[in-house]
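I opened my notebook for a look at a new structure.

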Amino acid sequence: MVRELNPIDITSMPELDRLAEEVNRTGRPRRLRRGTEDIAVLIPAAPRTPRRRARQPSRADIDAFLSSAGSWKDADTDKLVADIYESRRTSRPPVEL
């Protein structure tokens with residue numbers, strides 16, 4: 001999940017503006033320290049890439065989708081569940097952490 005960052009206008013902060021411009025120009029992050037303590041990391045903003053548009057389904061895609069409706073109605077669900085559990089069994093020993 002992507003979290004939105006709250007913007008801070010640095011127009012009136014010339015030293016921070018200079019650092020931000022350097023990071024943007026070089027593409028290299030900078031670590032901000034107070035004494036021996038790391039306070040923040042200033043990283044270049046990733047360029048925004050346009051989202052790819054989803055392909056529109058063709059009439060054949062829609063027909064294939066609709067024709068699959070009800071195709072499992074005759075399935076033996078008890079056998080299906082048993083087969084799934086059987087396929088999940090493994091002969092490998094369990095991993096111990």
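How many nonpolar, polar and charged residues does the lining of the largest pocket have? I found 17 nonpolar, 3 polar and 3 charged residues. For the classes, Ala, Val, Leu, Ile, Met, Phe, Trp, Tyr, Cys and Pro count as nonpolar, Asp, Glu, Lys and Arg as charged, and the others, Gly among them, as polar.

Before going on, I noted that this is a predicted model, where local features need pLDDT of at least 70, side-chain atom pairs count only at pLDDT 80 or more, and totals for chains, interfaces and linings use all residues. Residues are numbered from 1 along each chain as its sequence is written, and side-chain values use heavy atoms, with hydrogens and water left out.

**Pocket**

I looked up the volume of the largest pocket and got about 860 Å³. Of its 23 lining residues, L5, L42, I43, P44 and A45 are the closest to the centre. (On a 1 Å grid over the protein atoms alone, a pocket is an open set of points where a 1.4 Å probe fits, with protein on both sides within 12 Å along at least five of seven lines; lining residues have an atom within 4 Å of a point. The volume is the space filled by probe spheres set on the points, which are joined across faces, edges and corners.)

I then checked helix α1 (14–26) and strand β2 (37–42), and each supplies at least two lining residues. The largest share, 4 residues, comes from α1. (Helices are DSSP runs of H or I with at least four residues, strands are runs of E with at least two, and both are numbered from the N terminus.)

**Salt bridges**

I got a count of 9 salt bridges, each a side-chain nitrogen of Lys or Arg within 4 Å of a carboxyl oxygen of Asp or Glu.

R30 and E22 pair up at 2.4 Å, N to O. I also saw that E15, R18, E22 and R30 are linked in a network of salt bridges. R30 is partly exposed at 35% relative accessibility. (Buried is under 20% relative accessible area, exposed over 50%, partly exposed in between, with a 1.4 Å probe and protein chains only.)

Next I looked at R59 and D63, whose salt bridge is 3.1 Å, N to O. They sit 4 residues apart in helix α2 (residues 59–67), so about one helical turn separates them. R59 is exposed at 55%, while D63 is partly exposed at 39%.

Last, I checked D83 and K79, with their closest N and O atoms 3.1 Å apart. Both lie in helix α3 (residues 77–88), 4 residues apart, about one turn of the helix. D83 is partly exposed at 38%, and K79 is partly exposed at 47%.
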